[in-house]
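This briefing goes through one structure by topic. Please look over the sequence and the structure first, then read the notes that follow.

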Amino acid sequence: MTNTTDTTHAALAFMDIEQHDLSNEDINDLQHYYYQMLLIRRFEERTSEMYVKAKIGGYCHLNLGEEATIVGLMAALQPEDYIYTNYREHGYIIARGISPGKVMAELFGKETGVARGRGGSMHLFDNDAHFMGGYAIVGGQIPLAVGAAYALKYQEKPSVVVCQMGDATTNIGAWHESLNLAGLYKLPVLFFIVNNGYGMGTPVSSASAEPELYKKGCAYRIHGEKVNGVDVLAVRDAVRRLRQRAQDAGEPAILDVASFRFRGHSVIDSDRYRSPDLIKKGREHDPVRMFAAQLLDADLVSEIWIREVAQRVEREVQEAIDFANSSPDPKYEELFDNMYATPVPNTPGSAEAVEAVRINRGEA
Amino acid sequence: MAVITYRRALNETLSGELARDPNVVLMGEEIGVFQGSYRVTEGLLEKFGPKRVVDTPIAEEGFVGLATGAAMLGLRPVVEIMTINFILVAVDQIVNHASKIHYMFGGQVRVPLVIRTPSGGVGQLAATHSQSFENWFAYVPGLKVVCPSTPYDARGLLRAAIRDDDPVIFIESLALYDTKGETPEDDYTVQIGTADVKREGTDITVVAYSRMTAIALEVARRLEQEGISVEVVDVRSLRPLDRKTIVNSVKKTNHAVVIGEDWYSYGVGAELAATIQEEAFDYLDAPVLRVGGVEVPLPYANHLSQVSKPSAHSLLYAIRKSLQGKRRVM
């Protein structure tokens, strides 16, 4: 049995950032990446606060520590590409361009949310942005993403599908069946594993017989790579390369993205299974702070600019909360809306909704 | 009007829909080169090619999920699950995903998916190959579940299902594939969510679906000789359920027997019986009786297998029992 502490520390060593040559980079892009990373950071910190204030219900999983992974991925994708994710997806939909207000409104269960308040934190969706959903059953999104890639190939469209998931998802049957199908039919899909070292409280080495997750496509002849998820440029470049390969050759690929979860599995997880030392060292690999240092070192931004971005982000997240707070709740009489896309007889409508509500609220 | 088999009705309908809409794709195990385990897809690979008729690996969860994802992007997959027994490994994709996606994401995306599969048992297929699980799917809001009993309904409902923008579970029956019936040549559909009175009667209502409708009609013909008039309501759509047609029939006959091929407890019959007692209690002259399968893992031995399935005998018994209060028939 592998010593789990050793492997997680080894993963952290992999997350030290290499010095990039930034001279060929567009400064506007770099600044935008930093802005997006900080926006996700503040959005998630305030989300945690709103959860504690009971503005948000259900389960709530944060992207804290994952900001470079998310922004690097989104920077490499084209508008025509499609994205499927798991339930830890607030940052992904924001980085895809959806307004933080619509996302916060969904977390608040409001009609103005991205899923009209029917989905919640784990089920964010935006059809126009090709953000095809957060999925809360581990592994459930994988066959769907492969199917989306199947449709793209069938329709001869030159875009790709990204299927984001956690490390522990590579142990479920749907993953293996999906890899087989993607490899067999040569589908343009990138399996994007956010490897934060733990599936809830279980370390990767205790759950996967092959702890090097990028190798898990071997049985299906699917190419795999690993990348430092704390390094936004490294993630972007790896995704760009694999995306192009998927598009040109219809070759699926696996990207194993080393990441560190700043907090527990969900907001209510007290994180007792990770040692204080590991958590401390992990948080030292802070993608937002490290990227700011890189930009400052290269004289691409000033301390004043950093402060201004922080103020802008603070304001935007507050506006998102205000928007969510002031948004209307979904209407009772619309309880059965969207049950079916094609109308069908003998299904309940608004009258039945009103009646059910009256009875269940004790008003009958 | 042509008299054709249930199997041919399905085959011709699939062919017609493939020709009509380039987004219709058939997927499943052995549906192409092998031409279908029960020959429902016979000749379609040759006619439409491997892009439209896709042989999949044995991976029901994988290809049902694949079909669902492809449907989200505009394809109209028609998936064959070789028998309903094999659908169990795909339940997560159907129940947690296909059925939820339209509603849970605020109506932004549609899932025009059909999953065809035969339910029930014939011959000596034993415990793992003879089950009826349509009630598992009828339980789930967001799905539509249909179960045609005749070639006419098979054709009309399959057309409707393929043209529908929601996930439809299309229940077939091994024992019905060779049964024959009249089907018009025109492009008709049968409305999903509606029951059908297959035979009018005045003394008792038998509520049935799929193969049990054929048994109910046979029993009704036999009882007519004895002067008992049986009305047969074919549920045809388990979800949505056309309660009104069922209840109206019972209000007329005052007696009801419900029959399903599934196990007796917690089966479709329980829902039908509950509906009738809730909505027609004052009209009932006798309790609603259920006929279902004997509750065992279906044994292989032929004589044990035969007596464990619902039959004309068990239906006759229930009808007579129900009518005892009204007139003496046994």
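Predicted model: local features only at pLDDT ≥ 70, side-chain atom pairs only at ≥ 80, totals over all residues.

The expected span of a helix is 1.5 Å times one less than its number of residues. Helix H6(A) has 14 residues, and its first and last C-alpha atoms lie 20 Å apart, close to the 20 Å expected.

**Chain A overall**

- Chain A holds 13 helices and eight strands.
- The C-alpha trace of chain A spans about 65 × 50 × 45 Å along its principal axes.
- A compact globule of 364 residues would have a radius of gyration near 21 Å, and the 21 Å of chain A agrees with this.
- Of the 364 residues in chain A, 49% are buried.
- Counting contacts in chain A between residues at least 6 apart in sequence, 74% join residues at least 24 apart.

**Where chain A meets chain B**

- In the contact between the chains, 38 residues of chain A meet 42 residues of chain B.
- On the chain A side, strand S2 (131–134), helix H6 (141–154) and helix H7 (173–185) each supply at least two residues.
- H6(A) gives the most to this side of chain A, with ten residues.
- The chain A residues that touch chain B divide into 21 nonpolar, 13 polar and four charged.

**Helix H6 of chain A**

- H6(A) is mostly covered, with 13 of its 14 residues buried.
- A:Glu156 follows H6(A) and has a positive phi, near 55°.

**Helix H8 of chain B**

- Helix H8 (residues 211–225) of chain B has 15 residues, which should span 21 Å at 1.5 Å a residue; its end C-alpha atoms are 23 Å apart, which agrees.
- The buried residues of H8(B) include B:Arg211, B:Met212, B:Ala214, B:Val219 and B:Leu223.
- Among the elements that cover the buried residues of H8(B) are strand S7 (168–173), strand S10 (204–208), strand S13 (256–263) and helix H12 (312–323) of chain B.
- Just after H8(B), B:Gly227 has a positive phi of about 85°.

**Strand S13 of chain B and its partners**

- Seven of the eight residues of S13(B) are buried, so the strand is largely enclosed by the rest of the structure.
- S10(B) pairs with S13(B) in the parallel sense over three bridges. In this pairing B:Val206 has B:Val257, in S13(B), as its bridge partner.
- S13(B) also runs parallel to strand S14 (residues 289–293) of chain B, and four bridges join the two. Here B:Ile259 stands opposite B:Val291 in S14(B).
- A right-handed β-α-β unit is made by S13(B), helix H10 (residues 268–280) of chain B and S14(B).

**B:Leu176**

- B:Leu176 is found in the loop between S7 and strand S8 (180–183) of chain B.
- The cut-off for a buried residue is 20 or more other C-beta atoms within 10 Å of its own. B:Leu176 has 25 other C-beta atoms within 10 Å and is therefore buried.
- Apart from neighbours within four places in sequence, B:Leu176 is in contact with B:Tyr6, B:Ser149, B:Arg211 and B:Ala214.
- The C-alpha atoms of B:Leu176 and B:Glu29 are separated by 21 Å, and the two residues are 147 residues apart along the chain.

Conventions:
Residues numbered from 1 in each chain as written. Chains lettered and ligands numbered in written order. Contact = placed C-beta atoms within 7 Å. Nonpolar A, V, L, I, M, F, W, Y, C, P; charged D, E, K, R; others polar. Rg over C-alpha atoms; globule rule 2.2 N^0.38 Å. Buried ≥ 20, exposed ≤ 12 C-beta atoms within 10 Å, placed from the backbone. Pairing = 2+ DSSP bridges. Right-handed = clockwise from strand over helix to strand, strands pointing away.
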